[in-house]
Amino acid sequence: MSAPPALAPELLEAIIEAFHPSSPDGRAALIACSCASRDLTAICQKRLFRDIEVVVKIAFEQMVVYFAEDRDTTTLKFLNALVHSPHLANYVKSLTVTFRMQNPIPPAANFGNALSSNTSFSLYGIVAQLTELKKFVINAPKLFLPWWMLECQVQALFVDLVQRLEDVDLSPFFGIPTSIFRECAGLKKLHISSLSASTVNASSLTPKIRLDHLELTHLTMEGVPGPVDPFEWFKSASCPLDISRLIHLQLCTPRLPALSRMVSLCADNLQVLDLSLVGQGFGKTVFIYGIDLANHNQDPPLDLSVLRNLKNLTIGASIDHGMLNQPGAPLEVYVTDILYVASLLRTLVGRKNSTSLNTALIVQIRDVHETYLERIAWLKLMSELDASLLYSVPPPLKGQGPRVMCSSMPVLPLELFGEIVDDFDPLVHEDRVTLSSLSQSSLALGVLCQKRLFSRVSMSLKTNRSSGGTVLFESRETTCQKFFQLLQRSSRLADYVQGIKLTLKVSIFVTDLEAGGYVTSGSPDFALYNILPLLRNLRSFAVEAPGWSLPWSGLEPGVRNFFRNTIVNLEEIDLRPFYGIPTSVLSCCPSLQKLHVSKLHLDSKASGEPQDARARVNYLEIDNFLGTTIPTADDVLSWFDPSNASALDLSDLTGLKIITPDSVCLEELVALSLNSLQELDFRLSDWSYGKSKFIYGSDVPVLQSLPCPLNLSSLEEVRNLTIRSIIRHDAFNYSWKFYETDLPFLSASIKSLPRRAKTGRMAVTVVVEVHDVPDELASSIAWPALIDDLFANVPPGSNIRLKLEICNRLRENSPLALKLDDLWGQQVHLREMMKKGLVDIEW
């Protein structure tokens with residue numbers, strides 16, 4: 001036997017409690033621990049067998065429902081375990097019987113004697129041995145059965161369990177007679193769906209059993225009689241159940257009178273209330289997608305002010321998709337009871353001498369397509385809830401500061417919540433959904449999340465050609481007008497906006513904008529023109545146009561003037577979709593710090609700018625030459641040359657990302673910011689400059705273009721250097737299968753890196769992007785030779801950390817990816833570098 005545990009039994013039990021046998025990992029851990037020693041065996045078995053679930057089947061014969069067992073059920077297996085190890089029965093505190101459904105329900109004759117009508121049925125033997133049982137649950141997903149259809153011995157079993165246990169769940173059965181609850185002295189928690197009146201004479205009843213936990217899953221299902229008022233069950237003199245001292249009530253009902261009268265029975269002592277509103281009409285409000293106006297319900301709210309001792313309130317609401325019949329085509333709408341919940345929460349303001357209250361709202365969204373989620377009037381719904389929570393704040397006690405008892409009030413400092421919320425990017429769909437959910441949890445978090453949600457706003461417009469140039473216009477798919485309407489309704493949101501991203505989409509199908517009634521950028525009522533003046537805290541403005549670019553001179557004059565006036569006082573500008581932007585546009589931008597452009601144009605208007613008006617840029621990105629010729633090195637240098645009175649001052653530049661035409665352009669730009677540059681990210685732009693051509697399967701290039709390598713020796717201040725290389729398939733040569741790459745040229749350039757950077761260790765990342773290479777040829781690239789040559793060029797004795805990233809559009813764990821992994825793993829030198837984290841493979 002293994003050595004006894006060195007820890008105290010109490011500590012071991014606390015550790016074992018952390019494992020949950022309901023999960024495969026937790027169960028495996030408990031089984032493994034139980035083999036360690038005899039003491040651990042007993043502790044683990046207590047945890048493993050505390051909550052037991054057995055599976056049975058149901059059979060049907062002549063309007064009678066039987067329990068049945070066969071090879072797929074587990075009752076007989078568990079009974080055999082108890083026979084061989086009787087001590088396990090003392091560990092079982094909770095027993096759950098789960099029905100394994102078959103459609104249609106099989107006849108009883110299919111199971112022979114393995115039915116609940118037989119006294120030797122396994123479930124009876126199990127229950128008889130569980131002397132320490134405290135809880136019994138019937139779990140029947142999607143099944144709702146009348147009590148009177150149960151086979152008589154099953155009914156007798158349930159009556160026996162109800163009378164001896166503390167916690168019983170019979171919610172899958174409706175119409176349970178109240179008479180079965182006589183002599184239930186130990187019953188504390190009851191979960192039912194519905195009861196039926198008892199015929200027992202009231203004078204012969206024993207004193208009523210007082211419950212402290214009651215859950216009514218009061219459901220209405222097709223083919224089942226409609227629900228009655230549960231008040232009548234417990235108010236009846238023949239009912240043996242007394243809920244006047246009920247502490248915990250969970251109620252699901254579609255009727256307001258049922259809610260009110262049921263709550264009134266236990267108002268004095270109730271501490272936990274869990275309400276779920278069901279039904280098609282009660283408390284519902286109908287909204288049209290995208291419109292805040294609604295057909296409000298007139299249902300009076302339940303008065304919660306009588307619940308003076310209530311400590312925890314949970315309300316379940318829903319948002320359901322629906323169709324509204326109207327002349328012509330049906331109108332898609334959504335139906336919700338959130339506004340009714342808000343009116344219900346307002347009644348809490350009348351609670352006198354009340355305890356503090358924690359409130360939680362759980363909203364289920366059902367049958368609403370993902371594309372419709374953003375068209376729900378979230379702000380209106382949440383603002384109504386916020387207002388109701390403010391109304392329901394209890395007054396502070398004498399001598400205490402103000403208390404805020406709104407829904408799920410954060411217990412952490414707001415500063416910490418602010419840091420957590422700031423980690424989410426509102427432009428990423430998953431993060432936006434998370435922020436929207438968090439904003440509903442409390443008023444304080446709602447403000448924090450709204451600030452983050454609206455810190456960066458994405459809008460969209462369409463573009464089209466006209467006689468006056470390229471114009472922008474609104475359509476049903478664009479969002480500028482919608483955002484402007486939102487700002488008009490909630491003006492406070494404008495102060496949260498710090499960044500705008502404008503997405504332009506080309507429209508080739510709209511030929512006549514005026515005839516179509518579109519609002520264009522030529523109109524003073526254009527929404528975009530009205531939005532920007534409202535954003536007093538705007539810091540960044542970005543334009544994106546996926547897959548295309550436009551000449552600046554081709555834009556409508558009004559659009560050019562708008563962009564020119566917008567960027568004057570901003571800190572960050574991204575105008576990469578436009579090429580040929582005059583350098584004068586960037587003049588008089590004293591706050592400009594980060595600039596993203598493609599191709600500029602040196603014009604005479606900028607030459608007269610005074611030196612103190614030049615923007616001292618600390619980050620510059622030159623990218624996106626789509627649709628235009630690649631500028632020469634002289635062109636690029638002329639944009640920033642101080643002798644040309646450039647509008648931009650690069651002397652304080654700390655970050656540079658560029659597609660450089662050649663080595664001269666890069667070296668000259670670096671020289672302009674030699675003493676401040678800390679991050680450099682570059683790649684070569686020309687298809688032929690520095691490229692070598694290889695045949696697949698060969699390590700020797702057939703054509704090599706190695707001009708004078710880049711001189712990187714001056715990068716002593718740089719901390720992070722990213723070099724982007726490319727491997728591209730040669731699709732124009734059909735006789736041979738070639739690929740070309742600039743990796744040998746860039747590898748030779750790495751030799752010139754300084755051995756000792758002033759900032760300490762320099763982090764150098766080489767990103768190799770694989771483009772257009774057929775899957776069947778990707779493994780034939782000379783990977784070992786190219787990579788070994790790259791690392792061999794690192795200056796010996798230098799403090800450079802070189803990292804390689806290979807990016808390819810392959811599925812991880814695909815056959816080709818696994819083949820490449822095997823290929824690279826065969827290289828000893830490369831394998832060692834991968835273990836050290838110097839080589840990363842990204843798919």
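**Salt bridges and helix contacts in a predicted model**

Glu621 lies in strand β32 (residues 619-622) and Lys657 in strand β34 (residues 655-660), so the pair ties together parts that are 36 residues apart in sequence. Helices (H or I, at least four residues) and strands (E, at least two) are DSSP runs, numbered from the N terminus.

A word on the source: this is a predicted model, in which local features need pLDDT of at least 70 and side-chain atom pairs count only at pLDDT 80 or more, while totals for chains, interfaces and linings use all residues. Residues are numbered from 1 along each chain as its sequence is written, and side-chain values use heavy atoms, with hydrogens and water left out.

Returning to the pair, Glu621 counts as buried at 6% relative accessibility, whereas Lys657 is partly exposed, with a relative accessible area of 25%. Here buried means under 20% relative accessible area, exposed over 50%, and partly exposed in between, with a 1.4 Å probe and protein chains only. Both residues also belong to a network of salt bridges that links Asp574, Arg576, Glu621 and Lys657.

Asp72 is partly exposed, at a relative accessible area of 40%, but Lys57 is buried, at 4%.

The other is formed by Lys691 and Asp742, with the closest N and O atoms 3.7 Å apart. Lys691 lies in the loop between β35 (679-684) and β36 (692-695), and Asp742 in the loop between β39 (738-741) and α19 (743-750), so the pair ties together parts that are 51 residues apart in sequence. Lys691 is buried, with a relative accessible area of 7%, and Asp742 is buried as well, at 2%.

Let me turn to the helices. The axes of helix α1 (residues 9-16) and helix α3 (residues 38-48) come within 10 Å and cross at roughly 40°; the axes are lines fitted to C-alpha atoms, for helices over the stretch in contact, and angles run from 0 to 180 degrees between N-to-C directions. Pro9, Leu12, Glu13 and Ile16 in α1 meet Leu40, Ile43, Cys44 and Arg47 in α3, contact meaning heavy atoms within 4.5 Å.

In helix α14 (residues 480-489), the buried residues are Cys480, Phe483, Phe484, Leu486 and Leu487. They cover an arc of only 160° around the axis, which puts them on the same side of α14, the arc being that of the directions from the helix axis to the C-beta atoms. The face of α14 turned away from this buried side carries the exposed residues Gln488 and Arg489.

Finally, the chain overall: its secondary structure comes to 23 helices and 42 strands, and of its 843 residues 48% count as buried. Among contacts in the chain with a separation of 6 or more, residues 24 or more positions apart account for 70%.

Conventions. A salt bridge is a side-chain nitrogen of Lys or Arg within 4 Å of a carboxyl oxygen of Asp or Glu.
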